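Please keep the structure in view while reading.

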Amino acid sequence: MNHRGSILTCLLVLCIVAVAAFAEAAPAKVDSSVYRSCFSSGASKPEEIIGACSAILERDPQVAEAYYNRGVARMQINQLEGAMADFNKAIEINPKDPDAWNNRGLIYNRQDKPGAAVSDFSRAIELDDLYGKAYCNRGLVYLKLGRTAEAEEDLKKAARLGVKEAEDYLKSKGIAYALPHRFEIAFSYSQFDYKENFQPPLKSTEMGWIPQVRLGYSYSAADQFYFRAFGDLSVGNDSTDYDGSTMGGVPLKATTQNDFARLETDFGYTFQGALPVSITPYAGLGYRYWKRDLGYNEFYSWWYLPVGVKFLYPVNQRFSVGLNASMNIMFEGWMTISNRNDVYANTTVQLGNKLGYLVEIPLGWRPCVNWAFTVTPWYEYSEIGESPWEPVYKTNGTFSGFIVQEPSSRTHQYGIRLSTEYLF
């Protein structure tokens, strides 16, 4: 007998047996539809989700999300023991998943184990202190236990985070839960682009970056009266680059020292109801001031009526995006001229009234219930109308022989505002 042929035959048989054994032990390949059924929320029936997640777990028994999703599906068809086992396994693999703790707490509550339920809800809140559903679930268990004060506190937090079940309960009991008061401290950095309307070669422009601080307070809650008041003040280096000319058309460049200030108060009403977006139309009263040092001083001031609307959309419990657009109706605008050496007495001219516009897009982040941080890109356009001619007088009150007129002008201003807000 040929021993080499016998050896090759034995090796071939061993290879066939090994491949067959591996094929029998290795799980079947899972296609993409199974993953879609397991991980797509609400896309499949509970039985389909259970089967798909089980197929994935046969292939890889360490997929925490598959255990979690299978547990949720089993809860829907009241397979509580199986759901409990799945959530236990999900927590074992990923103990920092607040959803798994919250859902296991729901099972404990169904099994009439309130102590264990409260413990799991509390753990979910420790992992995510903005987890509104966990606050709501713990509050409802506290109600069953007769711990009313703790229950109301949890339900208030849940309602502030947008959990409708908590909102409905508190409204039915006449319990106020909103955090409508908000204090704001903000810093803004903006590009200032000012141009007076002259016929060339005459010109007068100002450009530069202006730092400002803001202090504000607002009262805002769904389906309630809205109030807001704030003040802006330029700080630090608020100088701008002057590019202009003399009245004879000779080019002139310099640096202008500025002071800017604004006060505004608004009144309105916030509508929400069942909408995902709150809408707040408002109107108010504002005042603006600008001191311009060009070697002599110009003091601008005017009042305006802001008329606008605010939209706010909470993307989730932590993030929000909004839009604020207003039309600012100018009135009672004045400009006073004063020489530094007091050769001339102050001369005041009345400015022409023009419309202005403001657009803001606030992007909010709320890391905890009482604190929020907002980044707001903004743009504002304003105009000042031409004044009538006015005589300039000397300090003794006699006519100097000169007359003055403030030309019409326009201003573009855009920037970004960073604010810290305390809610209570």
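## The second largest pocket

In this predicted model, the second largest pocket has a volume of about 910 Å³. Its lining is made up of 33 residues, and those that lie nearest the centre of the pocket are Met 247, Tyr 296, Glu 298, Ile 337 and Val 404. Sorted by class, the lining of this pocket contains 17 nonpolar, ten polar and six charged residues.

The element that gives the most to the lining is β5, with four residues.

## The largest cavity

The largest cavity holds about 420 Å³ of space, and among the 36 residues that line it, Arg 262, Arg 288, Trp 378, Glu 380 and Gln 413 are the closest to its centre.

Strand β12, which covers residues 371-384, gives the most to the lining of the largest cavity and provides six residues. When the lining of the largest cavity is divided by class, it has 16 nonpolar, eight polar and twelve charged residues.

## The second largest cavity

The second largest cavity has a volume of about 90 Å³. Its lining consists of Arg 288, Trp 302, Tyr 304, Asn 328, Met 330, Lys 354, Leu 355, Gly 356, Glu 380, Tyr 381, Ser 382 and Glu 383. The elements that give two or more residues to this lining are β7 (296-314), β8 (319-339), β10 (355-360) and β12, and the largest share, four residues, comes from β12. By class, the lining of the second largest cavity divides into five nonpolar, three polar and four charged residues.

## Helices α6 and α7

Two packed helices are described by the angle between their axes and by the distance between those axes. For helix α6 (residues 98-110) and helix α7 (residues 114-127), the axes come within 8 Å and cross at roughly 165°. Because angles over 145 degrees count as roughly antiparallel, α6 and α7 are therefore roughly antiparallel to each other, and their crossing is left-handed.

On the α6 side, the contact is formed by Pro 98, Trp 101, Asn 102, Arg 104, Gly 105, Leu 106, Tyr 108 and Asn 109, which meet Ala 116, Ala 117, Asp 120, Phe 121, Arg 123, Ala 124 and Leu 127 in α7. The residues in this contact of α6 with α7 comprise nine nonpolar, three polar and three charged.

## Helices α8 and α9

Helix α8 (residues 132-144) and helix α9 (residues 148-160) form another pair, with axes that come within 8 Å and cross at roughly 160°. This angle makes α8 roughly antiparallel to α9, and α8 passes α9 in a left-handed crossing.

Within this pair, Gly 132, Tyr 135, Cys 136, Arg 138, Gly 139, Leu 140, Tyr 142 and Leu 143 belong to α8, and they meet Glu 150, Ala 151, Asp 154, Leu 155, Lys 157 and Ala 158 in α9. By class, the contact of α8 with α9 is divided into eight nonpolar, two polar and four charged residues.

Key
Residues are numbered from 1 along each chain as its sequence is written. This is a predicted model: local features need pLDDT of at least 70, side-chain atom pairs count only at pLDDT 80 or more; totals for chains, interfaces and linings use all residues. Side-chain values use heavy atoms; hydrogens and water are left out. Axes are lines fitted to C-alpha atoms, for helices over the stretch in contact, and angles run from 0 to 180 degrees between N-to-C directions. Angles under 35 degrees count as roughly parallel, over 145 as roughly antiparallel, 65 to 115 as roughly perpendicular and the rest as oblique. A crossing is left-handed if the near helix is turned anticlockwise from the far one by less than a right angle, and right-handed if clockwise. Contact means heavy atoms within 4.5 Å. Ala, Val, Leu, Ile, Met, Phe, Trp, Tyr, Cys and Pro count as nonpolar, Asp, Glu, Lys and Arg as charged, and the others, Gly among them, as polar. On a 1 Å grid over the protein atoms alone, a cavity is a set of points where a 1.4 Å probe fits but cannot get out, and a pocket is an open set with protein on both sides within 12 Å along at least five of seven lines; lining residues have an atom within 4 Å of a point. Grid points are joined across faces, edges and corners, and a volume is the space filled by probe spheres set on the points.
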